[in-house]
Each structure stands twice: as structure tokens, then as C-alpha cells.
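Here is a short briefing on one protein model. Topics are grouped so that each can be checked against the structure.

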Amino acid sequence: MADDKKLVEAITSMEEDFAQWYTDVVKKAELCDYSSVKGCMIIKPAGYALWEQIQQQLDAKFKETGVENVYMPMFIPESLLEKEKDHVEGFAPEVAWVTHGGLEPLQERLCVRPTSETLFCDFYKNEVQSYRDLPKVYNQWCSVVRWEKTTRPFLRSREFLWQEGHTVHATAEDAEARTIQMLNVYADFARDVLAIPVVKGQKTEKEKFAGAESTYTIEALMHDGKALQSGTSHNFGDGFAKAFDIQYTDKDNTLKYCYQTSWGVSTRIIGAVIMVHGDDSGLKLPPKVAPTQIMVIPIQQKKEGVLDKAYALRERLLKSGFRVKVDDTDKSPGWKFNECEMRGVPFRIEIGPKDIENNKCVFVRRDTREKTEVALDDVEAKAAELLETIQKDMYEAAKAHLESHIYSAVTWDEFCDTINNKPGFVKAMWCGEQACEDRIKEELTATSRCMPFEQEQLSDTCVCCGKPAKKMVYWGRAY
Ligand SMILES: [Zn+2]
């Protein structure tokens, strides 16, 4: 029996050391592994299956709004990257360069894309000629490379997977509408599929994307009270269009500059799923995104008929559209329970000789560990019901955690005290000056997460400098 506990004992408790807990879960749930390329990760089957669920469901949502997928080269000529000044300044410090093709030095260095605005612009310059060519609403699923100094699985790695949408429009209004539309797609996806509540808002000038006119973000709160930027949507105005000369002939026969957007979600969001829902037994996956929704665990599986019954159960559940597996390995049931919990399977079905005799089985929820006896005839209906309940309860639990970790501060002392002692978001008024953001970062290692769409007037003065306040900002420490 000692063996049964090994998996669980091997992870550090969240309260003791959250960072170590995270590393342990990633490893024990077999989501990813380190590779011999420093700062790059190997995404293992359990992690990749989770990414595939995210990818497929998000892609379907994109397509409902008219998005089409394309694929761009992974290399960007140096001259192209340099065309938009703010953009290159923002990305230059973390770009990886290709200098040789085979044995020959290249005439022009190529960077490995850190993001593809410049490639899309170079493409749209030729692709867009007339108002009839607009809008173009393209997206690509790919990997990008950013030479980060410190890395952590899913949260920050030198190469990571993502999608980047790049659109081009006739008017500023169209571009703004698309920017907000995609932010809402992300927020709805986080809420409805990942069971993660988010705060929606706009980034400050200091925190916005390099080259953007405005950046919008969804911010989620992790279990330890730190924020995680989980998706961003940028409105470029006509800045890139002017730098790349992307013009179209309008109906009135005049030449006009286009307006553009870009938006992205990366494998970072897997980090959010882990840190919002997980507990000391491991991962907890919301049913909608769980690669395996139900694990059937046979008890005394060597007894005649038990395995057959477990397989029959799997067939029935598969037929009803559930993602289900049978753990028929020769490990002990206790070990299988632990493993199933570690991997975050939303619920397991236990079935043994006694259950079969009574024409029933037992459902055990991962989130609450609640056990229910279910008649074998009712399995499909009860499974559907339970998955829906778990999805809803997980969202409610995350929402309650978020709401109980949003504080507000009016004075500087109050603000410092809250940031230092109460992990979470702190709402406070801000004058709009970067100097105050810099001071807050310097003294409290907190950053402005966003200026939420839902503004409140907490006071008339900036929490930092006392000058007249312009915006209410969510502040916090972040990943
Ligand atoms: Zn100020």
C-alpha cells in the first residue's frame, strides 16, 4: 500500500511552496519535460492533448467570426523587422538570428520570428489593392522564438506555441471593432471552456505591445494571488500601414492607408489552467478541455467479467461522445486513483465484482471527491449531468477566489500594505503618468495589469503621486 501514496507524496504542497508545487505538477502529470536546448520544453502527450483541445475549440470560435488560417515563413529578414521603429525596439533584445545557410554566411541576417506583424504587413502590401480586398482576417497557428533569460514550463520558454491573428481593415472603426471582438472571444473561451474568470481591460502605454496604438488584455488570477496575462488583442491604427505602405483605393478613387490588428493566445494559457484549478493532488481539468473526461477504473480486474464490463462501459460512453479511457494496467486501484487525480481527469468510474452484481458503478468527482452510486443503465445521462456540474462548479470556485482577492486602496500606505500582504488584484486610481508605474514597479514589484472596462471612481487622486486621477487600474504582481 505504501506504493499507492508515492505519486502524491512527491509533490510539494501549494501552501508550502507554490512555485515548487507548479514544477512538480507539470512533471508528475507528465505535461512537459526539459530538453537539451536550454529554455525550450518538450510538450508530452498529456500536455499536447490539452493544447489540441484548446487549439481546436478556439479555432472553431475564430472561424465563426470569419477568420481564415494561413501560414507564414518562420524567418524574417532583418530589413523587414526594422521597418516599424517601436516594434523592432520592443523585440530586438530577445530575437534569435540565423547568420548562415549551410556553410555560407547570409548576405542579410534572418531573425526567427518572435511574432509575425512584419511578415503579414509585407504580404498585405501586395495583397491589398482595392476596398474590395478588405477586410482580410487571417490567423496562423505556429511557434515563435523569444530568447528569454529565465524560463518556466508553459509560462515562459524560448520557443512556444501560439496563434497569431493579423487583420487589415478599411477604417479605424473596423479595426477597433475587430480588436474588441477577438478580446471577447478570448474572454468567453476562458470562462466557458477553461472555467477561468478574467478581468478585461486596456493596457497602459508602458505595458502595451511594441508598435500598437492600444492593447487590450484578459488577466486571470492564479491560486497564489499572482496575475497571468492570458490573451491580448492589439489595435495598430494605421502605424504599421504607414511604415509598410499598405494602401488601398477606396470607392471614391482615392488612396488610403489601411488599419490593422493582431491578437494572440499561447501555450501560456495551460499554465493558467494548472494554477487556477490545481490542488495538492495535482491537476484539475475542466471537463470541456480535458483530453480524458472520464477514467474507468476496474476493481479486482482479474476476476472474471470485470474488465469486459469496464470495456463495455467505455464503448457506451464513447458512443455518446465522451472522451473516456479504461485504466487496465496492472497497477493497484489506489495507484490508479492517485494517478487519475494527478492528471486532472474530471471524474472516474469505479467498477468491481460487487458493483456488477448490483448492476451499478461508482462515480468519483476529481474536484470535490464526492462519490455517487449510479445504476449501470443510467451511466450516459448521469455522466453528462456530472460533467456539466463539474464545469460549472469549477468556474464558480475560480470566480469566488478571484472576487475574494480583489482589493482596493486609496492612500499610498494602504496600497503598499495591500500589495505586500494580500496577494491579488489591487484596484487604485492613477494619474496616467509612467513615473508612477515605474515607482510602483521599483518599490513594490507590482505592475499595472489593466485599466478595466468597468471603471470606478475610488477617489479623485492618484494613489502614488496624489495628482488628479485619470483611470482606475488593476495592479498586481504577475507571472
Ligand atoms: Zn501619479
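Three cavities of 30 Å³ or more are counted in this structure. The model is a predicted one. The protein is divided into domain 1 (12-277), domain 2 (294-389) and domain 3 (406-476). A zinc ion is held by four cysteines, Cys-431, Cys-436, Cys-462 and Cys-465.

**Cavities and pocket**

- The largest cavity holds about 50 Å³ of space.
- Its lining consists of Thr-23, Val-26, Lys-27, Cys-32, Asp-33, Tyr-34, Met-41 and Pro-153.
- Helix 2 and strand 1 (32-34) each give at least two residues to that lining.
- The largest pocket holds about 1200 Å³ of space. It is lined by 39 residues, and the closest to its centre are Arg-146, Glu-148, Arg-156, Gln-229 and Arg-268.
- Five elements each supply at least two residues of the pocket lining: helix 5 (85-91), strand 8 (159-169), strand 11, strand 14 and strand 22 (447-452).
- A general point on method: rolling a probe the size of a water molecule over the atoms shows where empty space is left.

**Domains**

- Domain 1 covers 12-277, domain 2 covers 294-389 and domain 3 covers 406-476.
- Between the C-alpha centres of domain 1 and domain 2 the distance is 39 Å.

**Zinc site**

- The SG atoms of Cys-431, Cys-436, Cys-462 and Cys-465 coordinate the zinc ion at 2.3 Å.
- The arrangement is tetrahedral because the four donor atoms subtend angles of 105 to 115° around the zinc ion.
- Along the sequence, the donor residues follow the spacing C-x4-C-x25-C-x2-C.
- Cys-431 and Cys-436 are both buried.

**Helix 9**

- Helix 9 (residues 268-277) is largely enclosed by the rest of the structure, because ten of its ten residues are buried.
- The buried residues run through Arg-268, Ile-269, Ile-270, Gly-271, Ala-272, Val-273, Ile-274, Met-275, Val-276 and His-277.
- Their packing partners include two helices, helix 2 (18-28) and helix 3 (45-64).
- Strand 10 (214-221), strand 11 (227-237) and strand 14 (259-266) also pack against the buried residues of helix 9, as does helix 13.
- Arg-268 of helix 9 is buried, and Arg-268 is also among the residues closest to the centre of the largest pocket.

**Ala-383**

- Ala-383 sits in helix 13 (residues 379-403).
- Its relative accessibility is 0%, so Ala-383 counts as buried.
- Leaving out residues up to four places away in sequence, Ala-383 touches Ile-294, Leu-317, Phe-322, Phe-347 and Phe-363.
- Tyr-216 is 167 residues from Ala-383 along the chain, and their C-alpha atoms are separated by 38 Å.

**Phe-337**

- Phe-337 belongs to helix 11 (residues 333-342).
- With 17% relative accessibility, Phe-337 counts as buried, because the cut-off is under 20%.
- Leaving out residues up to four places away in sequence, Phe-337 touches Ile-297, Ile-299, Arg-348 and Glu-350.
- The C-alpha atoms of Phe-337 and Tyr-124 are 53 Å apart, and 213 residues separate the two along the chain.

**Backbone features**

- As background, most residues other than glycine have a negative phi, and most peptide bonds are trans.
- The peptide bond between Leu-134 and Pro-135 is cis, with omega about -5°.
- Pro-135 is placed in the loop between helix 6 (117-127) and strand 7 (136-145).
- Glu-30 is not a glycine, and its phi is positive, near 60°.
- Glu-30 lies in the loop between helix 2 and strand 1. Its relative accessibility is 32%, so Glu-30 counts as partly exposed.
- Arg-369 is not a glycine either, and its phi is positive, near 65°.
- Arg-369 lies in the loop between strand 18 (360-365) and strand 19 (371-375). It is partly exposed, with a relative accessible area of 36%.

Notes:
Residues are numbered from 1 along each chain as its sequence is written. This is a predicted model: local features need pLDDT of at least 70, side-chain atom pairs count only at pLDDT 80 or more; totals for chains, interfaces and linings use all residues. Side-chain values use heavy atoms; hydrogens and water are left out. Donors are N, O and S atoms within 2.8 Å of the metal (3.2 Å for Na, K and Ca); water is not among the atoms, so sites may look incomplete. Four donors count as tetrahedral if all angles lie between 85 and 135 degrees; four count as square planar and six as octahedral if opposite donors are over 155 degrees apart and all others between 65 and 115; anything else is irregular. Buried means under 20% relative accessible area, exposed over 50%, partly exposed in between (1.4 Å probe, protein chains only). Domain bounds come from an automatic or database domain assignment. Helices (H or I, at least four residues) and strands (E, at least two) are DSSP runs, numbered from the N terminus. Contact means heavy atoms within 4.5 Å. On a 1 Å grid over the protein atoms alone, a cavity is a set of points where a 1.4 Å probe fits but cannot get out, and a pocket is an open set with protein on both sides within 12 Å along at least five of seven lines; lining residues have an atom within 4 Å of a point. Grid points are joined across faces, edges and corners, and a volume is the space filled by probe spheres set on the points.
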